[in-house]
Amino acid sequence: MKKPLILIFGSNDNGRLMLRRNYSDSVTGAGGIPLAVPFGIDEDGLKQLADTADGFLFAGGVDIDPSYYGETVLNDTVEIDPIRDSHEAIAVSLALASGKPVLGICRGIQSVNVFSGGSLYQDIPSQINTAIKHRQTESAEIGTHKVTTEPDSLIRSIAGESTFTNSFHHQGVKVPSPLFRVTARAEDGMIEAMEGTGDQYVLLVQWHPEFTSGTNEVSRGIFASFVDACKRLHV
Ligand code: MN
């Protein structure tokens, strides 16, 4: 059987397409073929790629321009990349229109949320009074804050009632897109996972399971669930 082809949307690093190896390794490890999508492909080209692919993974990275959700830049912690934003605005639309599985990680949950009508906290430390360190100083292999899942959700089926995740974000979902359901939160109420409500497989997590997909059962389960969903549509 042919393996599902999964498009990964990474970072624009001073003219280089940048994607940490653990994203692609996590997809490979779950039985998919990862393909990092370069910048500079126009909408028709992205549409053709989307038609060919079996799934979409939106990876971590810098912040989304708040003008996409009707705000101005809050402070100098907000780091924007217009090239990535315009590329992902198209890619998210195509992904959601495709009916094919979508996995969003860190910036990925934010990107899919914003480009489908949601908004973000631009800077958690200055906008929310919380004792939780959403930008941990511990290594990425260590889960540092608790995440509690909602009943009857995909993430509940993968992670159980609660799990400890790593956390490397200074932004977070403020208003969820109407397309999605919030399915996990940190103990301060921060949205940590969202999911689709219809037939399309959409799983969005604020943390970084790609660092531990080889060692942690929840992280492995996230990629297995996503790639299995891609396989089901791949004929
Ligand atoms: Mn967090």
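## Asking why: helices, sheet and metal site

His87 is found in helix H3; helices here are DSSP runs of H or I with at least four residues, strands are runs of E with at least two, and both are numbered from the N terminus. This is a predicted model, in which local features need pLDDT of at least 70 and side-chain atom pairs count only at pLDDT 80 or more, while totals for chains, interfaces and linings use all residues. Residues are numbered from 1 along each chain as its sequence is written, and side-chain values use heavy atoms, with hydrogens and water left out.

Student: Why is His87 called buried?

Tutor: Buried means under 20% relative accessible area, exposed over 50%, and partly exposed in between (1.4 Å probe, protein chains only). His87 has a relative accessible area of 7%, so it is buried.

Student: Which residues is His87 in contact with, leaving aside its neighbours within four places in sequence?

Tutor: Contact means heavy atoms within 4.5 Å. On that basis His87 touches Phe9, Val37, Pro38, Phe39, Gly40 and Leu46.

Student: What makes H3 roughly perpendicular to H4?

Tutor: Good one! Axes are lines fitted to C-alpha atoms, for helices over the stretch in contact, and angles run from 0 to 180 degrees between N-to-C directions. The axes of H3 (residues 82–98) and H4 (residues 107–114) come within 9 Å and cross at roughly 75°. Under 35 degrees counts as roughly parallel, over 145 as roughly antiparallel, 65 to 115 as roughly perpendicular, and the rest as oblique. That makes H3 roughly perpendicular to H4.

Student: Which residues of H3 and H4 meet?

Tutor: Arg84, Asp85, Glu88, Val92 and Leu96 of H3 meet Arg107, Ser111 and Val112 of H4.

Student: Why do S4 and S9 count as standing at the edges?

Tutor: Two strands pair if DSSP finds at least two bridges between them. The open sheet of 9 strands runs S4-S1-S5-S6-S13-S12-S11-S8-S9, with mixed pairing. S4 (33–36) and S9 (162–165) each have a single partner strand, so one side of each is left without a neighbour in the sheet.

Student: How do you know that S6 and S13 pair?

Tutor: S6 (residues 102–105) and S13 (residues 202–205) share 4 bridges in the parallel sense. Gly104, for instance, has Leu204 in S13 as its bridge partner.

Student: What coordinates the manganese ion?

Tutor: Donors are N, O and S atoms within 2.8 Å of the metal (3.2 Å for Na, K and Ca); water is not among the atoms, so sites may look incomplete. His134 (ND1), His145 (NE2), Ser167 (OG), His169 (NE2) and Glu192 (OE) coordinate the manganese ion at 2.2 to 2.4 Å.
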